[in-house]
Amino acid sequence: MSSNRICLWYDRDAEDAARFYADTFPDSRLGRVIRAPGDFPDGREGDVLVVEFTVAGIDCIGLNGGPTFTQSEAFSFQIVTDSQEETDRYWNAIIGNDGKASDCGWCKDRWGVSWQITPRTLLDAMAAGGDEARRAFAAMMTMQKLDVAAIDAARREPQ
């Protein structure tokens with residue numbers, strides 16, 4: 001674990017979330033599970049307090065801090081994909097595990113953490129700028145799960 005990590009606050013399911021991430025995304029793993037040495041406001045001695053994990057190469061900790069704070073779209077993981085198959089795999093894993101679909105490639109997992117499942121072709125179109133970016137952006141704005149073929153078509157063809 002690096003000395004700079006992202007801390008995600010969970011009600012009580014940090015270990016379940018970390019296991020799901022490790023099973024779903026490459027370069028992800030479950031690390032140490034640290035139990036509370038004593039009672040705390042939303043838990044008891046011996047309960048899982050902190051879970052160390054890595055998501056797509058990013059070191060994180062999950063803190064089982066109770067219901068006081070909830071996740072927000074102000075923080076999200078962006079997973080860049082290279083194909084529709086890869087986009088579908090990650091999107092479907094999150095949604096299929098009691099997650100929720102949103103617009104423009106965003107979804108939330110069952111713990112409320114936001115994810116952007118973003119095909120590289122969209123990022124390339126945005127970086128290209130001009131009409132290509134406008135067309136790809138307009139196509140994306142009509143989607144929930146992003147459609148690689150539709151974005152590629154928008155990049156090529158004036159609307």
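C104 is buried, with a relative accessible area of 18%; buried means under 20% relative accessible area, exposed over 50% and partly exposed in between, with a 1.4 Å probe and protein chains only. The model is predicted, so local features need pLDDT of at least 70 and side-chain atom pairs count only at pLDDT 80 or more, while totals for chains, interfaces and linings use all residues. Residues are numbered from 1 along each chain as its sequence is written, and side-chain values use heavy atoms, with hydrogens and water left out.

The sulfur of C104 has its closest cysteine sulfur in C107, 12 Å away, which is too far for a bond. C7 is partly exposed, at 44% relative accessibility. For C7 the closest cysteine sulfur is that of C60, and the 9.2 Å between them is again too far for a bond. A disulfide is a covalent bond between the sulfur atoms of two cysteines. Here a disulfide is counted as a pair of cysteine sulfur atoms within 2.5 Å, and the structure holds 0 of them.

I94 lies in helix α2 (residues 84-96); helices (H or I, at least four residues) and strands (E, at least two) are DSSP runs, numbered from the N terminus. The relative accessible area of I94 is 0%, so I94 is buried. Not counting residues up to four places away in sequence, I94 touches F20, F25, G99, C107, K108, D109, W115 and I117, where contact means heavy atoms within 4.5 Å. I94 and Y21 are 73 residues apart along the chain, yet their C-alpha atoms are separated by 9.3 Å.

G66, in the loop between β4 (58-64) and β5 (76-81), is also buried, with a relative accessible area of 0%. Its contacts, leaving aside neighbours within four places in sequence, are W9, Y10, D11 and D42. G66 and E52 are 14 residues apart along the chain, and 17 Å separates their C-alpha atoms.

The next region is helix α3 (residues 120-128), where T121, L122 and A125 are buried. These residues lie on the same side of α3, because they cover an arc of only 100° around the axis, the arc being that of the directions from the helix axis to the C-beta atoms. Their cover includes β8 (114-119), α4 (130-140) and α5 (148-156). After α3 comes G129, whose phi is positive, near 75°.

The axes of α3 and α4 come within 6 Å and cross at roughly 140°. Axes are lines fitted to C-alpha atoms, for helices over the stretch in contact, and angles run from 0 to 180 degrees between N-to-C directions. The two helices are therefore oblique to each other: angles under 35 degrees count as roughly parallel, over 145 as roughly antiparallel, 65 to 115 as roughly perpendicular and the rest as oblique. On the α3 side the contact is made by L122, A125, M126 and A128, and on the α4 side by G130, E132, A133, A136, F137 and M140.

α4 also packs against α5, at an angle of about 150° and with the axes 8 Å apart. That angle makes α4 roughly antiparallel to α5. In this pair α4 contributes E132, R135, A136 and A139 to the contact, and α5 contributes A150, I151, A154, R155 and R156.
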